[in-house]
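Please look at the fold shown here, and then read the notes on its sheet and its pockets.

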Amino acid sequence: MNTFWSPHVGKLTPYVPGEQPRIERMIKLNTNENPYPPSPKVMAAIEAAGADRLRLYPDPQAIRLTQALAAYHGVGTDEVFVGNGSDEVLAHAFHAFFVQDAPLLMPAVSYSFYQVYCRLYGIEARLVPLDEDMRIDPGQYGAPCGGVVIANPNAPTGIALTLDEVKRILRAQPDRVVLVDEAYVDFGAESAVSLIRDYPNLLVVHTFSKSRALAGLRVGAAFGQPHLIEGLNRVKDSFNSYPLGHLEIAGAVASLEDEDYFQARRAQVMATRERQAERLRTLGFDVLPSATNFVFARHSQHRAGDLAQALRERAILVRHFKSPGIDNYLRISIGTDEECAQLVAALEDITASSLA
Ligand code: PMP
């Protein structure tokens with residue numbers, strides 16, 4: 001352990017993000033980015049917001065974006081919080097609500113950053129197993145706890161709960177915050193934002209990184225009743241008053257204003273996903289039903305690690321998690337139709353040659 005570090009730092013287990021290769025010609029299907037660019041209106045707004053104002057600090061409340069999100073989702077501005085990517089919003093939520101004298105319940109297979117935040121903030125994580133179909137079982141979230149975090153749709157399985165199932169968890173934990181991370185919700189699940197008025201314990205987290213193709217801008221948001229938003233603001237204003245700059249605010253607002261573009265692109269990704277899942281099944285993969293911009297699949301005869309390596313040699317990156325229970329699955333992001341066709345061709349080649 002480094003003698004200069006605070007003692008706590010040696011005990012952290014930092015998140016390892018998917019690789020961002022420096023080689024241009026790689027086909028990147030490993031970090032669930034959107035294969036299409038953001039709306040052209042986003043680019044125009046960022047350019048217009050630029051040069052003359054960068055001298056000045058941005059609005060610490062990012063009120064333009066808060067108002068645009070409130071209008072978009074039909075909630076009040078006091079029910080919206082924004083931050084530097086949903087990772088930061090999640091971090092503040094863990095800090096604000098889950099540092100309790102009881103463990104935080106979360107699915108045993110879910111977004112691995114949740115456990116990283118638990119370490120950072122000294123929260124005990126209690127992992128709740130998935131059922132045999134790799135689904136979150138809402139009936140398992142009633143134990144005494146310090147809170148609940150789920151991703152819906154879940155990652156990396158891609159499987160979504162219905163709103164009735166989410167309500168079941170909310171009702172099982174009326175005195176604890178239930179955080180629903182909806183990073184992938186726009187690709188086929190129902191959002192729980194419509195429930196926030198009925199459930200004072202519900203916090204819903206969104207990101208602009210996936211369906212809005214703005215992973216590089218770093219914008220995330222949370223929705224909940226004003227007492228939860230106030231808790232988040234207390235933590236945020238004890239950490240960094242200006243998580244979003246002028247460019248982030250302008251770009252995110254412009255994205256919300258281009259509804260036609262948003263709808264067209266997300267429909268395109270979902271259509272490609274369905275075709276892709278079908279082709280993978282034909283190649284011998286078991287593909288979980290996905291409500292996201294990725295598929296989670298395992299092959300009946302080939303180990304996931306070997307497939308990932310063979311794809312890498314063909315300049316295609318997919319994600320392989322070496323964690324128990326999912327180490328024989330590949331998580332494959334949905335690319336353009338062309339990228340998906342190249343992936344299928346490579347897999348045909350790999351599975352055929354190694355069987356020969
Ligand atoms: N939640 C889930 C389930 C994710 O997969 C991701 C992306 N890795 C995030 C949150 C964070 O996304 P961002 O910080 O880009 O908003």
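Helix H8 (residues 259-282) lies across S9, S10 and S12, running at about 145 degrees to S9; helices (H or I, at least four residues) and strands (E, at least two) are DSSP runs numbered from the N terminus. Contact means heavy atoms within 4.5 Å, while axes are lines fitted to C-alpha atoms, for helices over the stretch in contact, with angles from 0 to 180 degrees between N-to-C directions. This is a predicted model, in which local features need pLDDT of at least 70, side-chain atom pairs count only at pLDDT 80 or more, and totals for chains, interfaces and linings use all residues. Residues are numbered from 1 along each chain as its sequence is written, and side-chain values use heavy atoms, with hydrogens and water left out.

**The sheet**
- Helix H9 (residues 304-313) also lies across S9, S10 and S12, running at about 40 degrees to S12.
- The three strands form an open sheet in the order S9-S10-S12, with antiparallel pairing, where two strands pair if DSSP finds at least two bridges between them.
- The edge strands, each pairing on one side only, are S9 (285-287) and S12 (330-333).
- S9 and S10 (residues 294-299) are joined in the antiparallel sense over three bridges, and Asp286 stands opposite Arg298 in S10.

**The largest pocket**
- Domain 1 (15-36 + 260-355) and domain 2 (40-257) both give residues to the lining of the largest pocket, so it lies between them; the domain bounds come from an automatic or database domain assignment.
- Helix H4 (113-121) gives the most to this lining, with five residues.
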